[in-house]
Amino acid sequence: MTDWNGLATPRRYWSVLAIWLAITMAVLDASIANVALPAIARDLHAAAAESIWVVNAYQLAIVVALLPLAALGEILEYRRIFQAGLVLFVLASIGCTFAHTLPELTIARAAQGFGAAGVMSVNGALVRFTYPQSQLGRGVGLNALVVSVASVLGPTIASAILAVGSWQWLFAVNVPIGVAAWLLGRTTLPESPRQDRKLDWIAAALNVATFGLIIAGVDLFTRGGNLLGLAIAAAGIASGVVLVRRSLSQPKPLAPVDLMRSKLFSLTVATSVASFAAQMLAFVALPFYFQATLHRSQVETGLLITPWPLGVGIAAPIAGRLADRFPAAILGGIGLAVLAVGLGLMAILPADASNFAIGWRMALCGVGFGFFQAPNNRTMLSAAPIERTGAAGGMLATARLTGQTIGATLTAILFRMSGEGAVSALAAGAAFAAVASVVSFSRLTDKRS
């Protein structure tokens with residue numbers, strides 16, 4: 001039986017391997033299908049606009065299910081939700097592989113998203129119970145490294161698979177990896193205490209309506225600019241208000257407003273949202289920036305993006321170790337300041353910039369982001385009481401996806417408003433990172449930071 005001091009070795013290593021395999025698949029599949037959309041649309045005889053739902057269905061399912069599944073993890077045990085999510089993810093991947101129509105593929109992708117939410121909603125909690133408190137920063141740093149590298153390398157991995165096979169292989173490769181993660185997790189994932197309460201199904205429904213309507217409405221507005229999108233988003237905001245009011249009177253609500261009462265926790269969430277918005281502003285804009293503004297080929301674009309994940313890979317484990325000894329407010333603030341400088345330098349590059357000039361700026365961005373993410377995630381998990389680790393982990397994933405959604409939406413708006421949309425997006429990313437840095441440093445006023 002595990003305790004709050006983490007798992008003994010070597011079980012700890014097998015546990016984190018199972019977590020890493022699962023989270024890598026879940027994060028990769030958020031971006032890996034983008035590259036194959038033209039081929040999918042062509043093979044399934046679908047319009048390009050309709051094929052977007054292959055991506056949207058996955059993302060939407062994850063966002064609406066994160067907090068309910070995190071709450072269910074507190075009730076039933078985190079490893080059970082994780083393992084169930086893996087099973088659903090693998091079965092849905094098989095469904096994606098053998099889909100013959102766009103509706104079939106879209107439904108399978110939505111199911112895959114719910115499976116991924118099972119993994120993402122509790123992986124932070126599992127990491128907290130896997131590592132001893134003195135090494136939590138190290139564990140969170142390595143977990144952040146896996147998430148960051150997987151999210152950045154998704155398009156590259158997709159291109160490599162498509163170079164030797166059809167788009168169906170993008171989903172088929174999940175099956176052996178998912179089975180391996182499930183088998184590893186059966187005997188190695190940590191146990192966690194269960195809570196004697198029932199899932200608030202009304203709150204779960206309000207949570208689905210809140211995130212689902214807001215994301216769908218904003219997406220509709222940015223694509224067509226019509227008032228229907230704003231009306232749908234407004235309905236989502238209204239659902240959110242009802243959800244918060246319902247949660248205020250509950251001791252352990254599904255929407256963790258009890259945790260948000262903590263200044264440290266709420267500032268950490270705000271920092272995370274702003275930083276991931278900055279990251280997504282850059283990731284969406286950079287391919288257009290490299291090819292249209294800096295006149296690089298597709299192959300060169302892929303290579304020039306690589307220094308970012310390499311920078312994360314170097315900085316995240318170091319920052320994770322430092323987070324066990326120094327305040328996350330300082331480490332995160334420094335990292336975000338570096339990210340802001342890197343994005344600002346990218347935005348003012350001359351059109352004839354050399355690959356070296358581009359590469360070191362991208363590496364600077366990666367180092368800054370990697371230096372921020374691990375300490376921030378550690379703070380979000382450790383700032384919550386041990387019995388609310390699931391809610392904190394669910395909020396961690398929700399903050400990341402919320403920030404990425406904001407960043408992608410703002411990029412779309414900037415591209416519509418300006419002929420220099422990529423440059424504007426990079427400048428906006430620098431501004432978001434700078435604001436997040438200030439918010440991070442402001443946590444120094446809280447003794448627990």
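## Second largest pocket

In this predicted model, the lining of the second largest pocket is made up of 19 nonpolar and 6 polar residues, with no charged ones. The pocket has a volume of about 570 Å³. Its lining comprises 25 residues, and those closest to the centre are Thr210, Phe211, Ile214, Thr398 and Thr402.

Helix α17 gives the most to this lining, with 10 residues. At least two lining residues each come from α3 (53–76), α9 (201–224), α10 (227–248), α11 (257–260) and α17.

## The enclosed cavity

The count of cavities of 30 Å³ or more comes to 1. The largest cavity has a volume of about 170 Å³. Lining it are 17 residues, and Asn123, Asn143, Val147, Asn377 and Leu396 lie nearest its centre. Two or more lining residues are given by each of α5 (102–130), α6 (136–164), α16 (355–382) and α17.

By class, the lining of the largest cavity holds 10 nonpolar, 6 polar and 1 charged residues.

Arg400 belongs to helix α17, which spans residues 389–417. The residue is buried yet has no salt bridge; Asp29, the nearest side chain of opposite charge, is 12 Å away. Beyond residues up to four places away in sequence, Arg400 touches Met120, Val147, Ser272 and Phe276.

Val27 sits in helix α1 (residues 11–43). Its relative accessibility is 3%, so Val27 counts as buried. Apart from neighbours within four places in sequence, Val27 is in contact with Met120, Val147, Ala150 and Ser151. Met120 and Val147 are therefore among the contacts of Val27 and are also touched by Arg400. Val27 and Val149 are 122 residues apart in sequence, but their C-alpha atoms are 9.4 Å apart in space.

## Salt bridges at Glu74

Side chains of opposite charge can pair when their charged atoms come close. The structure holds 10 salt bridges. In one of them, the side chains of Arg197 and Glu74 meet with an N to O distance of 2.9 Å. Arg197 lies in the loop between α8 (174–188) and α9, while Glu74 is in helix α3, so this pair ties together parts 123 residues apart in sequence. Glu74 counts as buried because its relative accessibility is 1%, whereas Arg197, at 22%, counts as partly exposed.

Glu74 also forms a salt bridge with Arg388, with the closest N and O atoms 3.0 Å apart. This pair links distant parts of the chain, 314 residues apart: Arg388 is in the loop between α16 and α17, and Glu74 is in helix α3. Arg388 is buried, with a relative accessible area of 3%.

## Other salt bridges

Asp324 and Arg378 form a salt bridge whose closest N and O atoms are 2.9 Å apart. Asp324 is in the loop between α14 (307–323) and α15 (328–347) and Arg378 is in helix α16, so the pair ties together parts that are 54 residues apart in sequence. Asp324 counts as partly exposed at 24% relative accessibility, whereas Arg378 is buried, with a relative accessible area of 14%.

Key: Residues are numbered from 1 along each chain as its sequence is written. This is a predicted model: local features need pLDDT of at least 70, side-chain atom pairs count only at pLDDT 80 or more; totals for chains, interfaces and linings use all residues. Side-chain values use heavy atoms; hydrogens and water are left out. Helices (H or I, at least four residues) and strands (E, at least two) are DSSP runs, numbered from the N terminus. Buried means under 20% relative accessible area, exposed over 50%, partly exposed in between (1.4 Å probe, protein chains only). Lys and Arg count as positive and Asp and Glu as negative; His and the chain ends are not counted. A salt bridge is a side-chain nitrogen of Lys or Arg within 4 Å of a carboxyl oxygen of Asp or Glu. Contact means heavy atoms within 4.5 Å. On a 1 Å grid over the protein atoms alone, a cavity is a set of points where a 1.4 Å probe fits but cannot get out, and a pocket is an open set with protein on both sides within 12 Å along at least five of seven lines; lining residues have an atom within 4 Å of a point. Grid points are joined across faces, edges and corners, and a volume is the space filled by probe spheres set on the points. Ala, Val, Leu, Ile, Met, Phe, Trp, Tyr, Cys and Pro count as nonpolar, Asp, Glu, Lys and Arg as charged, and the others, Gly among them, as polar.
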